[in-house]
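Hi there,

Here is the structure I promised to pass on. Have a look at it first, and my notes follow below.

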Amino acid sequence: MDFTLWDIVRNLLTGLQWTLLLSLVAFVCGSAAGLLLLVARISEQPLLRGAARGYIELFQGTPLLMQLFMVFFGLALFGLDVSAWMAAAIALTLFSSAFLAEIWRGCVESIPRGQWEASGSLALTRFEQLRHVILPQALRIAVAPTVGFSVQVVKGTAVTSIIGFTELTKTGGMLANATFEPFLIYGLVAVGYFILCYPLSLSARYLERRLHAPA
Amino acid sequence: MAYQFDFAPVLAQGDLLFKGALFTLQLTLIGTVLGVAIGVVGAVTRAWRLRPFDALFGLYVELIRNTPFIVQLFFIFFGLPALGVRLTEWQAAVLAMVINLGAYSTEIIRAGIQAVPKGQLEAAAALAMSRFEAFRYVVLQPALAKVWPALSSQIVIVMLGSAVCSQIATEELSFAANFIQSRNFRAFETYLLTTLLYLLMAIVVRQLLAWIGQRLLMGRR
């Protein structure tokens, strides 16, 4: 069977859709889990704080590939039949949550302590302080690095090709084997990721510059 | 859970894991030295706007930072032979790591160089320092000292990222893990131990880099 250039591009675009979908799922679920993790990480309970720290250290100190394998083979031990898609989504969610929680912790800690004390003196509970006083301010600082991290999520999805999830990289690999044109195909795959990531990188830089500009 | 954990068959292959870990560390060492060297050159051309090289380095940085490492690796290993460039597995792995770290360290070190005030170079000239001395002691050392923590985390990220090199059969740690689990079918136990080994390596390398930074850059002995 012969592949025209259009056949190749068409197949890669299908793979790109899966990359995009997985990135979105991982980013959204990772943000939700990351927010919970952040609350644990800055909580006043030493046990909770320590557990969150350990979790973050574990996911920042090990390869994403190993995290994928652990989820893929670990869930199978419970008798669950995990598809490559499920394992990829779960592992990337856990991975993203650890990094996002750590990024956001930096943002929360950059809010002056006086804000905690002032809101505490208004008889707000710790949760209310966080919800109404600290997070709205931290959010402003957090936008740029969070958008910057989304690039890492998109690139991270490429590793899921190894457990057989048919996203952009895996599609590229299969096409390269079928057409014997790895130079062209991996070049196009790289272009695909660049198209997804570069606008994100640019917006992160723009947001960062706007934040540092005098108001 | 009815599953019986059995680590013995994995531990019996401990020497393979150890060899793999050692090879990962070697790859990281070469990748770090060459990658940071590229980073210094790139950072200087970018920070001082040396035309036309600053634009070329700019393009390189954007291309590498916005594509996944595994695609860069596959492009080098599977794609380059089409141009007549054939590399062995470990050469391709090292090249990919160098190119990847080179791009990130260009951006990181550039930030450090741009943070050195112009007046300091003038002061160095007033002290009759040669251009090389001024560059080494007044620009590079303070710049590296400033960004050393960021550079260290990037080096650890590159080391952990090298796990995907097993996909082109570079015989590093995750390759050893794949090999062992394909023999004993104890996939979970094998990957659990391997993950912990990576974690240990990340912690040790981070400490080591902090120590090196203290001695070489902050001038503490």
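The end C-alpha atoms of residues 20–44 of chain B lie 36 Å apart, and this span is 100% helix and 0% strand. Helices here are DSSP runs of H or I with at least four residues, strands are runs of E with at least two, and both are numbered from the N terminus. Residues 20–44 of chain B are listed by UniProt, in an unreviewed entry, as "transmembrane region", together with 56–78 and 191–212. UniProt positions are given in the numbering used here, with feature names shortened, and the annotations may be inferred rather than shown by experiment. For residues 191–212 of chain B, the end C-alpha atoms are 31 Å apart, and the span is again 100% helix and 0% strand.

Before going further, two notes on conventions. This is a predicted model, in which local features need pLDDT of at least 70 and side-chain atom pairs count only at pLDDT 80 or more, while totals for chains, interfaces and linings use all residues. Residues are numbered from 1 along each chain as its sequence is written, chains are lettered from A and ligands numbered from 1 in the order in which they are written, and side-chain values use heavy atoms, with hydrogens and water left out.

Now the chains themselves. Chain A has eight helices and zero strands, and its C-alpha atoms fill a box of roughly 75 × 50 × 20 Å along the principal axes. Chain B has nine helices and zero strands, with a C-alpha box of roughly 75 × 50 × 30 Å along the principal axes.

Helix α2 of chain B (residues 14–47) has 34 residues and reaches 47 Å from its first C-alpha to its last, close to the 50 Å expected at 1.5 Å a residue. That expected span is 1.5 Å times one less than the number of residues. Just after α2(B), B:Arg49 takes a positive phi of about 50°.

On to the interface. In contact (heavy atoms within 4.5 Å) are 34 residues from chain A and 37 residues from chain B. The buried area between the two chains is about 3100 Å², with carbon and sulfur atoms giving 78%; buried area is the accessible area (1.4 Å probe) that two parts lose on being put together, summed over both. A:Met70, A:Leu77 and A:Phe183 supply 21% of what chain A buries against chain B, more than any other three residues.

There are two salt bridges between chain A and chain B, taking a salt bridge as a side-chain nitrogen of Lys or Arg within 4 Å of a carboxyl oxygen of Asp or Glu. In one of the salt bridges, B:Arg206 pairs with A:Glu57, the closest N and O atoms being 3.3 Å apart. On the side of chain A that touches chain B, the elements giving two or more residues are α2 (46–60), α3 (64–77), α6 (126–156) and α8 (182–212). The largest share, 12 residues, comes from α8(A). Over the structure as a whole, the search finds nine salt bridges across all chains. The B:Arg206 to A:Glu57 pair runs from helix α9 (residues 187–216) of chain B to helix α2 of chain A.

Happy modelling!
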